[in-house]
Amino acid sequence: MKKKFNIPDTYVIIFFVVIFAAILTYTVPIGKFQMEKITYTTETGVEKTRTVPIAGSFSYELNDQGEPLIKGVKFFEPGGEVGISNYIFEGITSGDKWGTAVGVIAFIIITGGAFGIILRTRAVEAGLFNLIKKTKGSEYLLLPVVFFFFSLGGAVFGMGEEAIPFAMILIPIVIGMGYDAITGIMITYISTQIGFATSWMNPFSVAIAQGVAGIPVLSAAGFRIIMWIFFTALGITFTMIYAKKVKANPQSSISYESDTYYRNEFNFSDHQDLKFEIGHKLVLLAIALGMVWIIYGVIKFGYFLPEIATQFVIMGVIAGIIGVIFRLDNMKINDIASSFRKGAEDLIGAALVVGMAKGIVLVLGGADAEIPSVLNTVLNWVAESLSGFPPAICAWVMYIFQSIFNFFVVSGSGQAALTMPIMAPLSDLVGVPRQVAVLAFQLGDGFTNLIVPTSGILIAILGIAKLDWLVWARFQIKFQAILFFFGSLFVIAAVLINLQ
C-alpha cells in the first residue's frame, strides 16, 4: 500500500529555512553601507525624509587579519541577542507597533477578536444569505466585483493587512456558496496584492521607491494604470475560470478537505430560515461606516496598524452592543468577551508565524543597511554582477532579484528603502531608466507576496482559511508563473519604450 505523503507544517518549513539562513552566516561575510538622509515628496505633497544607503559605499566588516569577517550565528545567545534557537522569541518581539513583527502580531490578534464579535452576531451571514436569495443564482457575479474593488484598494492606499478581517467574513461565505477557500483568498488577498504590485500611487511602495530613486512621485502613472487594468483583468479571469471549475466539481479543489469546517458551518441550505432583521442591518451599517472611516483615515491621515486595529475594536464592540440589545442569536453581554477571545484564539497560530518569519531575517543579521549583515553582502553582490549586460536583461534580473529579496524583507517600504538607493544609481550605469528600476521593485515585491511563507499577512489569511502553506503553494505556483511571465514582459517593454 502506497504511503500518503504528509505535507510539512508551516512551522516546520520556517524552521528549515532558519537552519539554511544559519548555514549562510558561516559561509558569507558580513558587510554594511554608509547612510545618508534624503528628502522626498509624497503623492499628497507632504515632504518627508528617509535614511538610505549610499550607492557604492558598501564595505566588508574586517577581522583581526584584515579579511572580510564571517560571523556565524551561534546556537544560543543570552542577553537578548539572536541565536538559532532564539529565533522565535526574538522574531516575535522585534520591531515596534508600526510594523513587523510585534505590531503585525498585535494587529492580527486584535482584528481577529473584533471580527469574532461581529461574526457572533451572525449579521454577515444573514445579510449575505439574504443577498444571495435575492440575486437568485447570479451571486457568481459578486466574485469579479469584490476582486476589482480589493485590487483598487491595493493600488490606491496599499491595502494589505486590511484584507485580513474581510477574509474572515468572505472565505466562509464563499465556501458556503459552493466554491472553496482558494476562491475566497483570490478575491480578498490576491486581488489586493495585484493592486499593490501594479499601483501608480501606493504610498507604501511605489511612492517611497520613486522618492528614494530621485524621480517625481506618481510619474509614469499612465503606464502603471494600464498595467493595473491588465493584471486586474488577468486575475479576475483566472479566478472566474477556477471558481467555475470548483463549483462544478467541489472535490476537484485541493482545499476540499480543509474546507469541511466552513462547509458545514456556512451551508446555505441549512440557513434558509435565518431572517435578516433590523439588528443585523445595524451591525452591517456599523461595519460599513467603520470601513469608510478606515479608508478615509489611511488616505487622509496615513493611519496604519495602531489606528486601524483600534478602529476594528470600536467596530467590534459596537456590533456586540447591537447584538445584545437586539438579542441577535440570543447574544448576551458576556458573549462579547468570549467571542473576542475566540476570534483572537483562531489567529494565534498565524500571528506566531509572523514572528518566526522575522526570525529568519534576524538570523541573517537583520535588514538594517548600516549594520553589518549577510543580507547587505548579498545585495551588494547582485548590484555588482549586473554591470555589463544589455539594459533589458539588467532590468529583468533586477525584477528577479527583487522577487527573491522579498522573501527576506517582505515590507514594501522596507525593501524600497534598502534596495532602491543601490538599484537606482546602478540602473544609470547599465542603461536602465530609473523608472524601470522602480517598476522591477514593485512587481517583484508585490507579486511574490502571494506565495512567500515569510509574509505575515499571507500566513494570517491561510490561517483563516485553515489551509497549509504547501497546499496553497501547489495551487499558487501556477498563477505565480503567469504573473512572472507577464511581469517580465512589462519590465522589458518599459525598457524598450524608455519609460521615464
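Start by selecting Lys466 and Tyr261: Lys466 lies over the face of the Tyr261 ring, at 5.0 Å from the ring centre. Keep in mind throughout that this is a predicted model.

Stay with Lys466 and look at its backbone. This residue follows helix H19, and its phi is positive, near 60 degrees.

Now select H19 itself, residues 456-465. Is this helix mostly covered or mostly exposed? Mostly covered: nine of its ten residues are buried. The buried residues include Gly456, Ile457, Leu458 and Ile459. Further along the helix, Ala460, Ile461, Leu462, Ile464 and Ala465 are also buried.

Next, select helix H18, residues 434-448. Of its 15 residues, 14 are buried, so the rest of the structure largely encloses H18. At 1.5 Å a residue, its 15 residues should span 21 Å, and the C-alpha atoms at its ends are 21 Å apart, which agrees. The expected span is 1.5 Å times one less than the number of residues, so a count of steps is what matters here.

Then turn to the aromatic rings. How many aromatic pairs does the structure hold? There are 25. To see a group of them, select Phe223, Phe230, Phe231, Phe447, Phe485, Phe486 and Phe490, which ring pairs link into a cluster.

For another lysine over a ring, select Lys247 and Tyr179. Lys247 lies over the face of Tyr179, at 5.0 Å from the ring centre.

The next stop is an open space. Rolling a probe the size of a water molecule over the atoms shows where empty space is left. The second largest pocket has a volume of about 840 Å³. It is lined by 32 residues, and those closest to its centre are Val146, Phe150, Phe166, Ile169 and Leu170. To see what surrounds this pocket, show helices H4 (123-135), H5 (142-157), H6 (163-176) and H11 (278-301), the elements that give two or more residues to its lining. Which helix gives the most? H5 does, with nine residues.

Finish at Glu67, in the loop between strand E4 (59-60) and helix H2 (87-92). Leaving aside residues up to four places away in sequence, Glu67 touches Glu61 and Leu62.

Methods:
Residues numbered from 1 in each chain as written. Predicted model: local features only at pLDDT ≥ 70, side-chain atom pairs only at ≥ 80, totals over all residues. Heavy atoms only, no water. Phe/Tyr/Trp six-rings, centres within 6.5 Å; stacked < 30°, edge-to-face > 60°. Lys NZ or Arg CZ within 6 Å of the ring centre and 35° of its normal. Helix = DSSP H or I, 4+ residues; strand = E, 2+ residues; numbered from the N terminus. Contact = heavy atoms within 4.5 Å. Buried < 20%, exposed > 50% of the residue type's maximum accessible area, 1.4 Å probe, protein only. 1 Å grid on protein atoms, 1.4 Å probe; cavity = no way out; pocket = protein on both sides within 12 Å on 5 of 7 lines; lining within 4 Å. Points joined across faces, edges and corners; volume = space filled by probe spheres on them.
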